[in-house]
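Subject: Structure handover and findings

Dear colleague,

Please find the structure below for your own work.

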Amino acid sequence: MAKNHYTFLVFSNKKDAVKKVCASAKFLKCAAGFAAILVLAMAFILFDYVKAKKQGVEFEKLAESQAGQINTLAGKVMDFEKKMEYFRQLEQKIRSTSGDKLKHSKNQMLGIGGVQQEPSTENSSLDHLQKNMDKLLVDAEKQEQSFKEVLEFLKKRESILAATPSLWPVKGWVTSNFGRRESPFGNGNDFHKGLDIAARVGNPIIAPADGIVTESVNRADMGNYVVLNHKNGISTCYAHMLRSAVHKGRNVKKGEVIGYVGNSGRSTGSHLHYSVMLNGIHVNPRNYLKN
């Protein structure tokens with residue numbers, strides 16, 4: 001047989017059953033090439049399958065992780081909404097107890113509610129969260145501006161309260177009230193323009209409110225005499241002091257010592273004469289004092 005042909009003997013299980021198969025070298029080469037291509041194709045398909053399987057597992061893990069992150073973010077957005085509602089209610093309480101000047105504002109967030117439809121897909125869930133977050137950011141900015149208005153109002157209120165003479169200037173007992181009385185010097189009746197508060201000589205006298213000292217002098221009738229000017233047209237006067245602890249032009253704070261109880265000037269005993277003036281007119285100090 002020619003060299004370019006090959007003979008194969010095929011034995012079967014049956015006795016004396018032998019088959020001859022002849023194949024050319026060219027055919028064998030083609031068969032071997034086809035087999036190699038088939039093995040490579042199978043290997044590629046197997047590799048691609050394994051890779052796709054692995055990517056599928058990773059995608060499932062990523063999808064689960066993303067779903068978890070979306071749920072976490074949704075929970076945070078819900079918490080943020082609850083906080084915003086709390087701040088709205090808190091602001092409403094502050095405004096409702098602060099008088100007509102602070103009851104309404106263009107930046108004030110009013111409480112609203114409604115049932116939200118559940119999103120059907122992941123994309124719609126993300127869109128839903130994005131819209132909620134955008135709205136919350138706008139609401140938060142408005143809430144910030146509204147709180148700034150409340151804070152400014154409370155600062156002004158605090159400033160007014162600090163300048164209102166609400167503290168008793170000295171510890172003692174009232175021996176003469178505001179209004180008509182019998183003169184302590186035996187000259188009939190007179191109009192007493194303040195409160196006489198009896199106390200021991202040397203006891204400290206404090207400023208009942210923030211103010212500035214406009215007078216610190218010694219007068220024949222009032223003795224050592226101090227006047228404090230407060231805001232909103234209010235001023236307070238202190239007479240018959242042992243001595244003053246402040247000078248004209250000094251700023252004093254509520255509760256700061258401004259002098260000491262004495263018996264100077266036209267007086268019958270140690271006490272403080274304390275008076276309040278509103279726009280230059282004497283008024284009853286008890287209208288301002290805390291009980």
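Helices, in the sense used here, are DSSP runs of H or I with at least four residues, and they are numbered from the N terminus. By that definition, residues 25-96 form helix α1, and Ile45 lies within this helix. Please note that the model is a predicted one.

Overall picture

The protein chain contains 2 helices and 14 strands. It has 291 residues, of which 27% count as buried. Its accessible surface amounts to about 20200 Å², and carbon and sulfur atoms account for 58% of that area. When contacts between residues at least 6 apart in sequence are considered, 59% of them join residues at least 24 apart.

Confidence

The average pLDDT of the protein chain is 81, and 82% of the residues score at least 70. Over residues 110-120, pLDDT stays under 50. The model has 9 contacts beyond four places in sequence for that segment. Where pLDDT is low, the predicted coordinates should not be read in detail.

Together with Phe34, Leu38, Met42 and Phe44, Ile45 makes a nonpolar surface patch of about 580 Å².

Ser176 belongs to strand β3, which covers residues 173-176. Its relative accessible area is 11%, and Ser176 is therefore buried, the limit being under 20%. The side chain of Ser176 makes a polar contact of 2.9 Å with that of Arg181 and another of 3.3 Å with that of His192. Beyond its neighbours within four places in sequence, Ser176 is in contact with Arg181, His192, Gly194, Leu195 and Asp196.

Ser275 is located in strand β13, residues 271-278. With a relative accessible area of 2%, Ser275 is likewise buried. If residues up to four places away in sequence are set aside, Ser275 touches Lys193, Gly194, Ser235, Thr236, Cys237, His282 and Pro285.

Salt bridges

How many salt bridges does a search of the whole structure find? The search gives 4. One of the pairs is Asp190 and Arg181, whose side chains meet at 3.2 Å, N to O. Asp190 is partly exposed, with 26% relative accessibility. Arg181, Asp190 and Asp196 are linked in a network of salt bridges.

The side chains of Arg250 and Glu256 meet in a salt bridge at 2.3 Å, N to O. Arg250 is partly exposed at 28%, and Glu256 is partly exposed at 21%.

With kind regards

Note on methods: Residues are numbered from 1 along each chain as its sequence is written. This is a predicted model: local features need pLDDT of at least 70, side-chain atom pairs count only at pLDDT 80 or more; totals for chains, interfaces and linings use all residues. Side-chain values use heavy atoms; hydrogens and water are left out. pLDDT is the predictor's confidence in each residue, from 0 to 100. Contact means heavy atoms within 4.5 Å. Buried means under 20% relative accessible area, exposed over 50%, partly exposed in between (1.4 Å probe, protein chains only). Accessible areas come from the Shrake-Rupley method with a 1.4 Å probe; for residues, only the protein chains shown count as cover. A polar contact is a pair of N or O atoms within 3.5 Å; within protein, one must be able to donate a hydrogen and the other to accept it, and residues adjacent in sequence count only if both atoms are side-chain atoms. Patches are made of residues with over 30% relative accessible area and no salt bridge: like charges are joined within 9 Å, nonpolar side chains (Val, Leu, Ile, Met, Phe, Trp, Tyr) within 5 Å.
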